[in-house]
Amino acid sequence: MQFNVRPYVCGALGRIDTALLGKLTAAGPKVWPALQSDEAALFSSTPLPPYHRSGEAYAFAWGERRPKTAEEDWITVAETYETPGLIGDDRRVALHTGGLGLVDVYYVRLDDAVYFSSLIQPLLTLVPIAIDWSAWASILQVTFPLGEATPYTEVKRLPGASALVWEHGRLTTERRLPRWLRTEPYERWISPQEIVDLLDHVYSEYDGRPLLVPVSGGYDSRLLASVAKARGADVESWTTSPDDGTDTDIDFARAITRELGIPHRVIPQDPASYPSDAMEVARRLEYLTPHHAWYAPFAKEVHGAGRILVDGLAGGPLLKNFMVSGAALEARTQAERSAAVLDSLSLGRPSQPFLSKAAAQWMEETVREQFLATTSMFHGHRAELPLSVLHTRTVRGIARSAVNLVGPEASFLAPFIHPEFFDAALSVGVTRKHQGKFYREVLHAANPRVAALPSTNVIKQPLRRVPLRSAAAPARSYSHRMLEVLADRIPALLSDEMHEVIAGGPDALTRFNGWNDRFWVRGLVLFGLWLSDFENDLSDLAPPF
């Protein structure tokens with residue numbers, strides 16, 4: 001990982017133990033001091049000047065977008081620029097996340113000090129390595145951890161719109177309501193054309209800079225490509241296989257880019273490289289999600305492209321009720337609504353039991369409690385449904401491709417989370433967005449000819465079946481090795497049926513062709529890789545079920 005456009009940072013606040021701080025700074029990428037005082041320290045892999053400095057007061061930020069002048073409060077910086085930062089003076093120091101928490105801030109608390117880092121791994125030199133079973137429950141069931149959880153008991157992740165504060169000799173945690181919760185976004189009857197105009201305005205900040213818009217067959221990418229082309233931007237488009245067994249995205253993308261007159265390139269994927277890609281992505285994403293192995297060849301090409309990647313992050317929840325089911329829309333109680341959203345976010349039932357009954361029951365109860373705690377601040381809010389998806393799946397799982405695989409080597413632009421666009425899209429009621437009606441109107445306003453082309457959002461129309469890279473012989477061999485690790489080290493996790501499959505060798509995995517089966521396998525394989533990588537550091541693997 002090369003920190004070219006976003007620096008690696010680490011540091012501490014509180015009653016800092018200089019020996020522990022030295023251990024932290026030596027454990028990760030090479031860093032230089034940006035700030036050093038008795039109660040706050042900040043180190044960065046590249047020069048990191050403060051965006052504000054006056055007397056004893058200072059303010060730093062290290063996201064993709066950063067303030068140029070001082071703001072009134074850290075939450076303003078967080079929600080406007082979606083950047084973490086450190087803001088302080090001689091009385092108070094606050095380490096804060098972005099409003100959504102896209103760029104990770106990990107920390108451990110030791111006595112009266114907090115030690116923090118952009119990466120988990122350096123923090124593991126400060127604390128014993130112990131498994132956080134609740135984190136793994138959510139990684140397996142919903143494909144990402146919830147709340148502050150990481151795979152390690154002692155290492156936490158600071159959620160969006162939160163800060164760790166040192167003041168009056170005490171460490172506290174501040175959780176603030178971001179702008180989209182402080183002011184409930186009542187229906188403003190934003191028109192589809194106004195949505196397109198807002199996207200055009202977002203692009204204006206990047207005039208003169210070459211853009212790369214990955215086009216699949218869906219709504220988000222064709223909208224972003226259409227608006228960029230209409231603005232006259234220097235834009236290219238790339239597509240790669242999502243490894244879904246159809247490659248419909250590639251065929252649809254060719255039609256879209258041909259209609260727009262945008263240069264188009266297809267990034268190939270080699271089944272033989274799947275194991276190395278899967279392991280590299282898992283380790284780089286610090287074992288937080290089984291997603292994105294398919295994205296590895298694409299991300300590597302982006303690093304050398306010299307273009308800003310335009311990512312459709314958050315478009316689905318904001319514009320087309322993605323992961324918001326009819327059951328969630330029709331729910332009459334808060335409990336029913338929360339259960340429906342969690343059901344949409346969770347993997348469906350596999351074709352056979354993957355987990356033991358005790359493990360499955362414990363996992364469902366644990367994840368339900370975590371999800372309710374994580375989304376409780378949205379309960380009763382008019383935009384509760386999309387916000388619940390945005391603050392969980394979007395930030396913790398899906399954003400990893402742009403934030404941690406493309407970045408920090410290359411810059412990415414996420415137009416849908418730009419403050420003006422975000423607020424406008426969130427104000428559109430969920431009933432207007434139901435079944436994609438509003439989004440189709442937006443696409444028509446942007447480019448009616450492109451809007452009329454086939455889309456993977458409407459119906460899967462496979463032109464042909466293609467072999468899954470993640471189910472080819474090299475992938476089966478790798479997956480089987482990792483499943484054997486699980487079966488050996490935590491046998492109580494798996495069902496008797498799954499133990500039989502593993503005993504049957506790599507080719508026994510060919511029975512798992514369905515969508516849910518594949519994702520259950522990927523989650524368990526990720527868990528097996530983590531256990532394999534940390535086998536010399538883990539002493540207690542007794543499960544709580």
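The report that follows treats a helix pair, a single helix and its cover, and then several individual residues.

The model is predicted, and local features therefore need pLDDT of at least 70, side-chain atom pairs count only at pLDDT 80 or more, and totals for chains, interfaces and linings use all residues. Residues are numbered from 1 along each chain as its sequence is written, and side-chain values use heavy atoms, with hydrogens and water left out.

**A helix pair**

Two packed helices are described by the angle between their axes and the distance between the axes. For helix α3 (residues 133-142) and helix α13 (residues 357-375), the angle is about 95° and the axes lie 9 Å apart. This makes α3 roughly perpendicular to α13, a term that applies to angles of 65 to 115 degrees. The axes are lines fitted to C-alpha atoms, for helices over the stretch in contact, and angles run from 0 to 180 degrees between N-to-C directions; helices (H or I, at least four residues) and strands (E, at least two) are DSSP runs, numbered from the N terminus.

On the α3 side, W133, S134, A135, A137, S138, L140, Q141 and V142 take part, and they meet W362, M363, E364, T366, V367 and Q370 of α13, where contact means heavy atoms within 4.5 Å. The residues of this contact between α3 and α13 comprise eight nonpolar, five polar and one charged; Ala, Val, Leu, Ile, Met, Phe, Trp, Tyr, Cys and Pro count as nonpolar, Asp, Glu, Lys and Arg as charged, and the others, Gly among them, as polar.

**Helix α1 and its cover**

In helix α1 (residues 18-27), the buried residues are L21, L24 and T25. Because they cover an arc of only 95° around the axis, they sit on the same side of α1; the arc is that of the directions from the helix axis to the C-beta atoms. A19 and A26, on the other side of α1, are exposed. Buried means under 20% relative accessible area and exposed over 50%, with partly exposed in between (1.4 Å probe, protein chains only). The cover over the buried residues of α1 includes β1 (9-14), β3 (40-44) and β9 (113-117). At the start of α1, a side-chain oxygen of D17 comes within 2.9 Å of the backbone nitrogen of A19.

Most residues other than glycine have a negative phi, and most peptide bonds are trans.

| Residue | Phi | Relative accessible area |
|---|---|---|
| A314 | near 80° | 5% |
| N321 | near 55° | 5% |

A314 lies in the loop between β16 (308-310) and α10 (315-319), whereas N321 belongs to the loop between α10 and α11 (326-330). A cis peptide bond, with omega of about 15°, joins G407 and P408, and P408 is located in the loop between α15 (400-406) and β17 (412-413).

**Two glutamates**

E384 belongs to helix α14 (residues 384-398) and is buried, with a relative accessible area of 4%. Not counting residues up to four places away in sequence, E384 touches Q334, R337, S338, F378 and H379.

E71, in the loop between β5 (57-61) and α2 (74-81), is partly exposed, with a relative accessible area of 31%. When its neighbours within four places in sequence are left aside, E71 is in contact with T76, V77 and Y81.

Methods:
Parallel < 35°, antiparallel > 145°, perpendicular 65-115°, else oblique. Polar contact = N/O pair within 3.5 Å; in protein donor to acceptor, adjacent residues only side chain to side chain.
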